[in-house]
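Thanks for sending this one over.

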Amino acid sequence: MSVDKSSVRSLSLEREEVAQLVETVFRAAGWSGEDATVAADCLIGSDRAGHASHGIGLIPMYVDTIKAGNLKPEWKAETVKDDGPFVVIQGNRALGQVTARDATLKGIETARTHGIALVSLINSHHVGRIGHYGEMVARQGFVGMFWVNVHGRKPTVVPFGAREPRFSTNPHCVAIPRAGADPFLLDFATAEMAVNKARVAHAKGEKVRHGTLLDHAGRPTDDPGVLWASPRGSIATFGLHKGSGLAIVCELMSAVLAGGPLVADQSEAGAILNNMTALVLDPRRMAVGEEPIEAATDRMVAWVKSAAAADGVAAVLTPGEPEQANRARLGTLVEIDPTTWGDICKAALRMGLSEADLPRPA
Ligand code: NAD
């Protein structure tokens, strides 16, 4: 591990040593080696994609949840409907990186057979970065669309026109394969800011764009601390009424479709829970033209990128490119802010690991 000189606040660690630590934490809590590897892959993948909000910085919160008895290794997901292209998986609040990986694999397998699959994973523990599952689908040559709600705790996001929260950061993701490039990947929270990004900003002592967050009285602010104050503040939806509408669509598609819990039904579970509906589609069953979808997507991406960049913008990017660029920049490393790293180390010690298990500065 070394301190990144370009930013005194950022630590760099080798991916492999971080993976070993994360896997050891999950194994110490009772998960199998395979499940621990799946969870570590997803969490570290999020950091490496540039989304620290859904990376290893979640471990202290997960450890709190485990210690409180609200996330247990013996809890497993089960398929409750497997009817041609329609699949419903009851998540039973099991470890979300595993339940969502399995639901995504089931979607790919089902779409191979039927051309299309609609898989609802309901009432899972937090599944992390949705783009991780979008990338799994697109790398197998399928198109993926995901709608996700967040429940298990009080709502954090204010609907358009309101001043008190009614739902949470409900992410949406679309992944489309490309020829010889990482997938087109649109993956975002329908809130102006994911709660965990506010957590990272708060940990770094940074302000956020004014109006992204609202204080407890519904007044716009730039202080991420309002989300940890009492009474608590809240987050605006992105894109005014349109983002607010999409947030509700995520709730409806992920919960109502298969009968999963709405945020209104279950907001005191002591854990962050997700429902996730995935539509997986085989583009080869749809196309009537000669050009494969991957090549046509490449052409569209090139067309968008050919637009002259606005003043102050180095290059026009398309969804998925910032994540690819971040992975390329990091090489074999993971970056983390020192406060969050300290919290992860404390959480690992609370799970019974010793100081010797913690990666050391070089
Ligand atoms: P974000 O605001 O960083 O937006 C990310 C998306 O925008 C990506 O598709 C990215 O490729 C694209 N993008 C970024 N900069 C771009 C540019 N200059 N030009 C073109 N495209 C660009 O993401 P977010 O809303 O903060 O969400 C972060 C992560 O949090 C996501 O991975 C999401 O799945 C995850 N999340 C998970 C949950 C959950 O409960 N599991 C809840 C909320 C968010």
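1. Which are the buried residues of helix α3 (residues 59-67)? They are Ile-59, Pro-60, Tyr-62, Val-63, Thr-65 and Ile-66. Keep in mind while reading on that this is a predicted model. After α3 comes Gly-69, with a positive phi near 80°.

2. Now the overall picture. The protein has 10 helices and 14 strands. Its radius of gyration is 20 Å, close to the 21 Å that the globule rule gives for 362 residues, so the protein is as compact as a globular protein of that length. If you are setting up a box, the C-alpha atoms fill roughly 60 × 55 × 45 Å along the principal axes.

3. On burial and surface: 52% of the 362 residues are buried. The accessible surface comes to about 16100 Å², and carbon and sulfur atoms account for 56% of that. As for contacts between residues at least 6 apart in sequence, 69% of them join residues at least 24 apart.

4. Charges, briefly. I see 37 positive and 41 negative charges, and their mean positions are 3 Å apart.

5. Strand β5 deserves a look, starting with Ser-124, which sits in this strand (residues 116-125). Ser-124 has a relative accessible area of 0%, so it counts as buried. Its side chain makes a polar contact of 2.7 Å with the side chain of Thr-99. Beyond its neighbours within four places in sequence, Ser-124 is in contact with Gly-91, Arg-93, Ala-94, Gly-96, Thr-99, Ile-272, Leu-273 and Asn-274.

6. Asn-123 is also found in β5. It counts as buried because its relative accessibility is 12%, under the 20% cut-off. The side chains of Asn-123 and His-151 are joined by a polar contact of 3.0 Å. With residues up to four places away in sequence left out, the residues that Asn-123 touches include Gln-90, Asn-92, His-151, Pro-261, Gln-266 and Asn-275. Gly-91, Arg-93, Leu-273 and Asn-274 are among those touched by Asn-123, and they are also among the contacts of Ser-124.

7. That brings up Arg-93, which I'd check for its backbone. Its phi is near 60°, a positive value in a residue other than glycine. Arg-93 is placed in the loop between β4 (86-90) and α4. With a relative accessible area of 18%, Arg-93 is buried.

8. Leu-240 is another non-glycine residue with positive phi, here about 50°. It lies in helix α7 (residues 240-256). Is Leu-240 buried or exposed? It is exposed, since its relative accessible area of 57% is over the 50% cut-off.

9. Another backbone item is the cis peptide bond between Ser-230 and Pro-231, with omega about 0°. Pro-231 lies in the loop between β11 (220-221) and β12.

10. Helix α6 (residues 195-204) has Val-195, Asn-196, Ala-198, Arg-199, Val-200 and Ala-201 buried. What covers these residues? The cover includes β12 (234-236) and α10 (338-350). Just after α6, Gly-205 has a positive phi of about 70°.

11. His-132 lies in helix α5 (residues 131-139). Its relative accessibility is 18%, so His-132 counts as buried. Aside from neighbours within four places in sequence, His-132 is in contact with Asp-41 and Cys-42. For a distance check, His-132 and Leu-105 are 27 residues apart in sequence, with 12 Å between their C-alpha atoms.

12. Last, Met-300 in helix α8 (residues 293-305). It counts as partly exposed because its relative accessibility is 48%. Thr-318 is 18 residues away from Met-300 along the chain, and their C-alpha atoms are separated by 10.0 Å.

Definitions and conventions:
Residues are numbered from 1 along each chain as its sequence is written. Side-chain values use heavy atoms; hydrogens and water are left out. Helices (H or I, at least four residues) and strands (E, at least two) are DSSP runs, numbered from the N terminus. Buried means under 20% relative accessible area, exposed over 50%, partly exposed in between (1.4 Å probe, protein chains only). A polar contact is a pair of N or O atoms within 3.5 Å; within protein, one must be able to donate a hydrogen and the other to accept it, and residues adjacent in sequence count only if both atoms are side-chain atoms. Contact means heavy atoms within 4.5 Å. The radius of gyration is taken over C-alpha atoms; the globule rule is 2.2 Å times the number of residues to the power 0.38. Accessible areas come from the Shrake-Rupley method with a 1.4 Å probe; for residues, only the protein chains shown count as cover. Lys and Arg count as positive and Asp and Glu as negative; His and the chain ends are not counted. The place of a charge is taken as NZ of Lys, CZ of Arg, CG of Asp or CD of Glu.
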